[in-house]
Structure formats: C-alpha cells, structure tokens
There are 2 protein chains.
Amino acid sequence: MRVEVINTGTELLLGNVLNTHLQFLAEALFPLGLRIARQVTVPDGEVICEALAEAAARAEIVLITGGLGPTTDDLTREIVSAWLGLELVHDREIMDAIEARFARRAMRISPRNQRQAQRPREAVVLWNHHGTAPGLYFPPMEKSGREKSPHIFLLPGPPRELKPMFTDSVLPILAKVLPPRPAFALSTFRIAGLGESGVEELVGEPLLALGLEVGYCARPGEVDLRLIGGAGELARAEAIVVEKLGANLVTRDGRELEKVVVDLLTARGETLAVAESCTGGLIAHRVTNVPGASAVFMQGFVTYANDAKTRALAVPAALIREHGAVSAEVAAAMAEGARAAAGTDHALATTGIAGPGGGSAAKPVGTVFIALATKLGSTTVERHRYQHERKTFKNLTAQTALDLLRRRLA
Amino acid sequence: MRVEVINTGTELLLGNVLNTHLQFLAEALFPLGLRIARQVTVPDGEVICEALAEAAARAEIVLITGGLGPTTDDLTREIVSAWLGLELVHDREIMDAIEARFARRAMRISPRNQRQAQRPREAVVLWNHHGTAPGLYFPPMEKSGREKSPHIFLLPGPPRELKPMFTDSVLPILAKVLPPRPAFALSTFRIAGLGESGVEELVGEPLLALGLEVGYCARPGEVDLRLIGGAGELARAEAIVVEKLGANLVTRDGRELEKVVVDLLTARGETLAVAESCTGGLIAHRVTNVPGASAVFMQGFVTYANDAKTRALAVPAALIREHGAVSAEVAAAMAEGARAAAGTDHALATTGIAGPGGGSAAKPVGTVFIALATKLGSTTVERHRYQHERKTFKNLTAQTALDLLRRRLA
C-alpha cells in the first residue's frame with residue numbers, strides 16, 4: 001500500500017520549526033512493511049485541499065499533520081471533512097475530555113477550543129493524551145462517483161502529541177487494514193575509511209545482481225550502505241559486504257561509531273582517555289553522548305595551549321620547540337601522557353591546524369596528527385590532511401581518531 | 001516570485017536522515033523577500049521528473065536537492081536535463097576540479113566520478129568547494145511550445161556542501177533575477193534566559209504595534225526574535241528590545257553565544273578554562289569551534305571519573321564523599337581547581353546527572369550544578385534541572401554555562 005504524508009504549517013515553510021515528522025513516521029511505518037512514497041509541506045489554509053486531492057489520487061494511506069489547533073489558521077479538520085462531503089457535528093465526549101484537561105491544569109478554557117470538539121460522525125476519534133486536539137481517522141468511503149477515498153489520518157502538529165497518538169492509535173488501525181505481505185527487510189551497514197564511490201566500486205555490482213535495492217548516504221568520514229530486499233538475498237548480501245569491506249565495516253546495525261567504540265571497550269573491560277588539541281573536546285563530547293560511557297571513559301584533556309600540553313600531559317617543552325606542537329612526535333607524547341595521567345588502557349590524541357590561520361609550507365592548514373597509545377606497547381601515529389572549514393575539519397579528525405581505536409579493538 | 005523545493009533521496013523517506021534543508025533554505029531566502037510555497041520529498045529515480053513538472057507549473061524558482069553524487073541512484077542531473085530537452089556533455093573544467101580535489105587528498109579517483117563532470121552547455125556550474133558534486137543552475141528557457149521553464153537550481157544533498165554553495169552561488173544569482181522590491185530589512189536578536197512565550201510577553205505587542213512582521217524561533221536554551229520591516233521601524237524596535245530584554249539579549253547580529261564569549265574575552269584580554277563532567281567536552285568543543293579561540297581558551301578538563309576530578313582539578317576526595325560528585329560544593333571546587341591548574345582568569349565547571357541512570361530522590365536525573373570561578377573572587381554556583389534526553393541535557397547545560405560567563409563579562 002502506498003503511503004503519502006502531508007505536513008501542514010506555515011512555520012515549517014518559514015524555517016521557524018524543523019520538520020521531524022517525516023523521520024519519525026518513516027521509522028514507525030517501516031516495521032509494517034510500509035514506506036512513504038512522497039511527502040509534501042504546504043502552508044496553513046485552502047492549499048491543503050489541493051495537496052489532499054493529489055495524494056488521494058496516488059495513495060491508499062494519507063497522513064496529514066498539523067492544523068488541528070484552536071486558532072483561526074487551523075483548518076485541516078474542516079477542509080478534509082468538506083473534501084469528503086461530510087458534515088461536522090459537536091462531539092460531547094471530545095469536549096468533556098478537553099474540559100477535563102483544562103480543569104486538571106487549572107487553566108481557563110477558551111471559546112476557541114469548542115472548534116476542537118467538532119468532527120464528522122463518520123470519523124473515528126484518535127484520543128490525544130498530551131494535548132487538546134484529538135486526531136481523526138477517516139476510513140475509505142465512496143466519494144460522489146469517484147473511487148473510494150484512501151485511509152486518511154489527521155494528526156496534531158506538536159511531536160510530543162503526534163508520536164504517542166501514532167504509536168497508540170494509528171499503528172493498531174494500520175495493522176488491521178494491511179493485507180498480508182511478502183517478507184522484506186532493511187539492512188544498514190555503516191562504513192568508515194572509504195568514500196561513497198569506493199564503497200560502490202567494491203560491492204555495488206554484486207548487490208544489484210542480487211536484485212536488492214541499494215542506497216548510499218555519505219557523511220564526513222563515513223558512508224551508510226542501505227539494502228532492501230528479501231531475507232535470503234539480504235543474508236547473501238551481508239556475506240558479500242563483510243568479505244569485501246573487511247575492517248572498513250563499522251556496524252551492521254546502524255550503531256554510531258562512538259557507540260561501537262564504547263561497546264568494544266565495555267566488552268573488553270578496558271578504559272579510554274583522550275588528549276585533544278585541534279578537536280577541542282569533540283572526541284570526548286561524542287564518546288560521552290553514549291549512555292554508559294562513564295564505565296570506560298575516564299578523562300579528557302583539552303590542551304589547546306602548549307603550556308597545557310606540558311603541564312597536563314607532561315609533553316616536554318623541548319619536544320614542542322624542536323618539532324612544533326603539530327607534529328607526530330608531540331601527538332605521540334600527548335597520547336602517552338594522557339594514558340599515563342589518566343591511568344587508562346588506551347589514549348587517543350589529536351594535534352593539527354584547523355585554520356583559517358596557522359599553516360606553513362611544510363604543514364599547511366588542514367594538517368593533523370592522530371596518535372593512539374595502548375597498553376600493548378607501541379604508539380601509532382597517523383598524518384592526514386583535511387581541507388575543510390573548521391567544523392568539518394574537527395568532525396573528520398574526531399571520526400578518524402575514533403575509527404583508529406575501533407580498528408585496534410575490533 | 002513563487003519558490004518550491006524538491007528534496008530527493010530515498011534515505012529521507014526511509015527516515016535514515018533528517019531533512020534540515022527546508023529550514024536552512026527558508027531562513028536563507030527570507031532576507032530576499034522570498035518564501036517557500038511548497039516543499040516535496042521524493043525518492044531517488046524517475047519520480048523526480050513528475051515532481052519537477054508539477055513544481056514548474058506553479059513556481060518561478062525551483063530548488064532541487066540531492067542526487068548529484070557519483071553512484072547509480074544519483075539521477076537528478078540526468079532527469080532535469082532530459083526534462084528540459086538538453087544534452088549532457090563532459091565538462092573538462094569540472095573534471096579538472098574533481099581530479100585536483102582527489103589529488104589534494106591523495107585519494108584514488110573512481111571512473112564513476114566521471115558522471116559528476118557531465119552537464120548541459122546551457123547550465124551554469126555552481127562550484128562545490130566542499131565536495132565533488134558541482135551544482136547546476138538552469139536559467140529559464142523555452143521548452144517545446146510550453147511556457148518558459150522556471151529558474152532551476154540543482155544542489156548537493158549533504159548540508160555541508162549545500163549551505164556554502166547556496167550562500168556563495170545561489171543567493172547572488174537570485175539577487176540579480178529578482179524584481180526590484182520595496183526596501184525592507186531584517187533584524188535578528190538572539191536571547192538567552194527566557195522562553196519563547198516569555199519573550200513574546202515582554203516585546204510582542206509593542207513590536208506588532210510598530211507594524212513589523214515578528215517571528216520567533218526557539219532552540220534549547222535560546223530564542224531568536226526576527227523582525228522584518230522598514231529601517232525606521234526596526235531602529236525603534238531595537239530600542240524596545242534592548243530596554244525590555246536587558247541582559248537576556250545575547251546579540252543583535254546573529255553571532256552564536258560561544259562567539260560572543262570568545263569576543264568578550266578577547267576584548268578584555270582574559271583567558272578561560274573549563275572543567276566538564278556531565279557536558280563531557282561539549283563546552284570546550286563549542287568554544288573551540290570559534291576561529292581565534294586559541295587566544296583565550298587555554299585548557300579543558302573532561303573529568304568524568306571521580307579520580308580524574310581529584311587528580312586533575314585537586315577536588316578533595318573527602319568533598320566528593322561527603323557531598324557527592326553532583327553537588328554545589330564539587331562544582332565550585334572543580335571550577336576553582338581548573339582556574340588554578342590552567343592559570344586562567346575564568347573557569348567554568350559542570351557536574352550533573354545526564355541519565356538515563358544515576359538519579360536519586362534528592363538529586364533526580366536532570367539535576368546539574370554549574371560553577372563559574374573568576375579572578376574577581378567569589379565563585380558562583382547555579383543549580384538547574386533539565387528533564388530531557390542526554391544530548392539535549394548536555395546542550396542546555398553547556399548553553400547555560402556559557403551564558404553565565406557571558407553575563408559576567410558583558
């Protein structure tokens with residue numbers, strides 16, 4: 001069954017509010033075997049009717065978000081009912097729920113809220129436990145000589161109201177109306193150390209030959225490979241991906257790189273410290289975004305000043321003078337110093353020239369050294385050059401550092 | 001002129017990637033007096049053509065994002081050219097730029113990248129300084145008997161490539177093709193310490209009374225107030241905003257909070273250190289995102305473990321035992337210890353319970369203490385509670401800490 005989503009709301013088109021509905025709805029529908037074929041954002045007002053007519057001509061399920069509030073620009077309820085030729089009536093039960101909600105909050109009800117208790121008799125009420133606007137479900141119905149209308153769901157705009165309503169009320173209705181379907185599934189592989197075209201070169205043809213749908217999504221320092229197809233084909237695809245991509249394969253389950261690193265450390269009962277110059281705290285920030293990181297992440301040193309490198313990490317001032325703060329020697333000394341100071345099994349260090357200033361002929365802007373010291377002995381240092389603006393430079397350096405540790409632990 | 005946006009990408013409709021383009025484009029177009037009338041997301045493939053035909057029938061400007069990469073699912077270039085009846089030719093200059101990019105990175109170019117150097121002679125190249133895929137601009141042209149085609153822009157999918165290309169290449173083209181329009185200007189005020197409704201309560205009515213268009217945009221810990229109108233009205237509005245919002249007003253020029261803090265420190269010739277427990281490096285990361293931060297930011301301590309707090313910041317172990325690591329006493333000792341260890345004028349410290357685990361009745365999940373130690377003597381400690389998931393908790397805490405310092409320095 002084809003699903004389309006209509007997001008209504010002038011604030012979305014003005015950029016005041018980021019639309020997160022599409023992502024939520026897509027992820028919630030996927031386990032039912034449903035995919036969103038098209039999504040459109042239209043402003044509040046009559047154009048909703050046009051978007052509905054277009055979607056209804058193509059889709060069996062139409063989800064409409066927004067425009068159920070009490071103010072004059074909230075017209076979705078009226079427009080959809082009119083399009084289906086249905087009459088709105090006052091629903092005492094909805095009004096009771098709204099009044100009870102206001103009473104619980106000791107808030108004064110506005111006459112405008114009366115509008116939210118209007119609904120056609122033919123629509124099913126989707127109760128809203130997190131706001132005043134109930135949702136509505138319109139089952140397919142004959143529409144003056146045309147084909148049957150699609151399943152239409154009206155959902156509130158605020159995500160904290162829409163999400164529980166969708167999970168609690170919409171998914172059960174969809175599960176009932178869906179026809180039995182052939183099994184198909186989604187696999188997502190996260191890859192580091194290769195670009196999008198590098199990944200496609202290695203696995204693109206054999207995966208397409210399996211009849212799978214293949215998609216790529218590149219971000220700084222990583223690529224997601226997405227496969228859709230039958231379970232048997234996906235199992236064969238996984239074997240191909242694992243063989244061809246080797247250590248470049250970060251996860252088969254969509255976990256983020258920092259989560260993989262924390263999981264690997266946790267499984268090994270090992271600990272980590274980081275010493276960051278050019279990444280300025282980003283590696284520590286990413287690692288501590290992972291719930292449970294405190295079990296393995298002991299300490300971070302953001303040693304921007306040379307003094308700080310000497311004081312906190314015992315990097316000899318003479319070493320900095322001789323080789324420069326951005327050098328393989330200093331990177332190694334930072335990693336070893338952090339490991340010793342924090343008493344951890346592993347330590348990562350970064351030192352580089354993020355720019356825009358600070359480059360030289362021998363070490364141009366974008367040059368970075370990444371070191372990994374471990375309890376196993378020798379310290380690894382990598383030299384890279386990332387010619388990007390400051391934030392992407394930091395992202396790529398943090399990504400490469402975390403991936404260096406992942407490869408060591410895997 | 002009517003603008004429509006077509007976002008292409010199966011990953012958007014599967015929910016793997018959150019679509020942030022609409023918000024960025026809306027905000028970037030706004031100062032030109034342009035608003036997005038409709039936005040649609042379609043999967044990779046031939047349906048792009050259908051969406052283009054629909055948009056072209058309604059709009060004078062069509063922005064298409066995504067599908068310019070080197071892989072087989074990237075078809076936007078081909079589809080739009082075919083729709084306009086234009087022939088693709090190999091562009092030596094684009095290929096040179098792609099090859100130079102790969103050479104700079106010492107990466108091997110793939111034969112697939114050849115596709116990215118294809119373009120119709122009639123299209124203007126929008127150079128991409130942050131990726132391989134150039135954008136393309138198709139000026140209006142006759143299309144076999146129909147009306148003229150709209151201005152069509154093809155832009156790359158990754159935000160870090162799209163944003164600079166839009167600012168550097170698309171906005172100047174739009175500025176040239178737009179008809180002259182009445183002079184009006186945009187003012188953006190960044191506000192901390194008040195919610196959206198708090199800001200509206202203070203300044204909403206007097207600003208509307210000036211006949212200005214007033215917009216609000218709330219993010220964790222800050223609100224942007226956007227005013228559009230004539231220069232005279234905006235000057236009067238600024239006086240109202242400055243008076244009513246007082247110290248809550250962070251900037252009148254859109255600078256980010258961390259940039260304001262770095263600028264204030266630079267102007268005063270003062271230095272900063274940070275000691276982070278629950279923010280895990282985020283404050284250091286934000287500060288070091290600002291070019292030139294190295295002049296004022298000396299050192300960061302990410303002291304996740306209690307041991308690290310004692311070792312790196314000289315927080316007495318007895319103090320942690322007595323009051324707990326999440327306490328006003330420990331926060332103050334962390335800030336004072338960081339200031340002493342790094343030898344800076346100011347030091348910020350955070351310690352809190354990000355969750356999901358670790359809360360208690362006296363200190364529930366979300367409790368956080370933020371301390372500021374300065375050379376001026378007494379150390380300030382604030383207690384807050386942020387009941388949000390981990391990342392938003394970290395964002396709010398970092399935001400409040402930086403704002404505490406800003407108010408002290410301003």
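Me: Which residue stands opposite Phe301(A) in S14(B)?
Reply: This is a predicted model, in which local features need pLDDT of at least 70, side-chain atom pairs count only at pLDDT 80 or more, and totals for chains, interfaces and linings use all residues. Residues are numbered from 1 along each chain as its sequence is written, while chains are lettered from A and ligands numbered from 1 in the order in which they are written. Strands (E, at least two residues) and helices (H or I, at least four) are DSSP runs, numbered from the N terminus. In S14(B), the residue opposite Phe301(A) is Phe301(B).

Me: How many bridges join S14 of chain A to S14(B)?
Reply: Two strands pair if DSSP finds at least two bridges between them. Strand S14 (residues 297-303) of chain A and S14(B) run antiparallel, and the number of bridges joining them is five.

Me: Which element gives the largest share of the side of chain B that touches chain A?
Reply: Residues are in contact if their C-beta atoms, placed from the backbone, lie within 7 Å. The contact takes 61 residues from chain B and 61 residues from chain A. Elements giving two or more residues to the chain B side include helix H2 (21-29), strand S10 (213-219) and helix H14 (390-409) of chain B. The largest share, seven residues, comes from S14(B).

Me: Which strands stand at the edges of the open sheet of twelve strands?
Reply: The order of the sheet is S6(A)-S7(A)-S8(A)-S3(A)-S1(A)-S2(A)-S2(B)-S1(B)-S3(B)-S8(B)-S7(B)-S6(B), with mixed pairing. An edge strand has a single partner strand, so one side of it is left without a neighbour in the sheet; the strands concerned are S6 (124-126) of chain A and S6 (124-126) of chain B.

Me: What is the bridge partner of Asn7(B) in S3(B)?
Reply: Strand S1 (residues 3-8) of chain B pairs with strand S3 (residues 61-65) of chain B in the parallel sense, over five bridges. Within S3(B), the partner of Asn7(B) is Thr65(B).

Me: How is H11(A) oriented to H13(A): roughly parallel, roughly antiparallel, roughly perpendicular or oblique?
Reply: Axes are lines fitted to C-alpha atoms, for helices over the stretch in contact, and angles run from 0 to 180 degrees between N-to-C directions. The axes of helix H11 (residues 306-313) of chain A and helix H13 (residues 328-342) of chain A come within 9 Å and cross at roughly 40 degrees. Angles under 35 degrees count as roughly parallel, over 145 as roughly antiparallel, 65 to 115 as roughly perpendicular and the rest as oblique. H11(A) is therefore, relative to H13(A), oblique.

Definitions and conventions: Two residues are in contact if their C-beta atoms, placed from the backbone, lie within 7 Å.
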